[in-house]
Amino acid sequence: MARPSKPLISRKAAVMASIDIIDSEGLDAFSLPRLAKHLGVRAPSLYHHFDDKNEILTEVARYIAGTAVRRPRMNPGPDWPEFFVALALNFRQSILRHRNAAPVLLQHLPRDLFTSTYEDTAQFLLDSGVPVDLHVRILDGMETLSIGAVLMEAMRPPRPKSAIFPNVSAESQPLLAQALSSNDLTQRQLFEAIVRSFLHGIIRDHDLPAPDVEAAAAG
C-alpha cells in the first residue's frame, strides 16, 4: 500500500494510542481501522511508520516490557541482589498495568529487547564484585523467571492471596487448602520472595558475600 507523502502522526503516538485501545477495549477490539479512528486519521497514515499490524504490536510489547520499566537508582555494591529485585518488581508493575496486552507480549516480545540493557546490568554486576562467569546465569535466570511469572499472572484475573491456586477444595485437596490458609503473602510478595530466593541461592552456591537485606530495605 502506498504511503502518504507527509506523516500525520508520530510513531510514538500510534503506539500509545494502541495501548489505550487494548487497555480499555481489549485486544480483540484492536485493528488498524480502529487505531486510525482513535488517532483521527485514515488507515494509510499508519503506513508512514509501520509495515503492518504485527509491527505495531511488536512496538507495543517493546514499550510495555522495556521502555516503560523504570531502572532502579542504586549504586553497585554487596547489596546488588536488591537492584534486581527492584527491577523485577518494576517490570511486574508495568506488565500488570496493561493486563489486556499480555497475549501481545507472549507473541510479539522482541527477542533482543533486553540485550542493550544487559550490557549495563553486566557492568553493574562487575562493579558489585560478582564474578563474570555468573553474569549470564543471573541475567538469563532473571529474564526467564520474571517474564514467565509475570505473564502467567497477567493472563489471569487478580486473585486474593487465599485463592492463588484456583478451585481448591478442602475435601479433595486438604494439604493444598491448608497451605493456602497458612499463606500470608500477596501475589506481589510471593513474586518478590521467589526472585530474592533465586538470587540468594546463587550467592550461597558460589560463596559470594551475603548482602545486608535489612540495610538495603532501609536505604
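Reader: Why does Leu125 count as buried?
Author: Leu125 has 0% relative accessibility. Buried means under 20% relative accessible area, exposed over 50%, and partly exposed in between (1.4 Å probe, protein chains only). The value 0% is under the cut-off, so Leu125 counts as buried.

Reader: What kind of model is this?
Author: This is a predicted model, where local features need pLDDT of at least 70, side-chain atom pairs count only at pLDDT 80 or more, and totals for chains, interfaces and linings use all residues. Residues are numbered from 1 along each chain as its sequence is written, and side-chain values use heavy atoms, without hydrogens and water.

Reader: Where is Leu125, and what does Leu125 touch?
Author: Leu125 sits in helix H6, residues 115–127. A helix is a DSSP run of H or I with at least four residues, a strand is a run of E with at least two, and both are numbered from the N terminus. Leaving aside neighbours within four places in sequence, Leu125 is in contact (heavy atoms within 4.5 Å) with Trp80, Phe84, Val130, His135, Ile138 and Leu139.

Reader: How far is Leu125 from Pro110?
Author: They are 15 residues apart in sequence and 24 Å apart in space, C-alpha to C-alpha.

Reader: How many helices and strands are there?
Author: The protein has ten helices and zero strands.

Reader: What makes H7 roughly antiparallel to H9?
Author: Helix H7 (residues 135–154) and helix H9 (residues 187–205) pack at about 165°, with axes 11 Å apart. Axes are lines fitted to C-alpha atoms, for helices over the stretch in contact, and angles run from 0 to 180 degrees between N-to-C directions. Under 35 degrees is roughly parallel, over 145 roughly antiparallel, 65 to 115 roughly perpendicular, and the rest oblique. The angle of about 165° is over 145, so H7 is roughly antiparallel to H9.

Reader: Which residues make this contact?
Author: H7 brings Arg137, Ile138, Gly141, Met142, Leu145, Ser146, Ala149, Val150 and Glu153. H9 brings Gln187, Phe191, Ile194, Val195, Phe198, Leu199 and Ile202.

Reader: Why does Glu153 count as buried?
Author: Glu153, in helix H7, has 7% relative accessibility. That value is under the cut-off, so Glu153 counts as buried.

Reader: Which residues does Glu153 touch?
Author: Not counting residues up to four places away in sequence, Glu153 touches Arg92, Leu96, Arg99 and Gln187.

Reader: How much of the protein is buried?
Author: Of its 219 residues, 39% count as buried.
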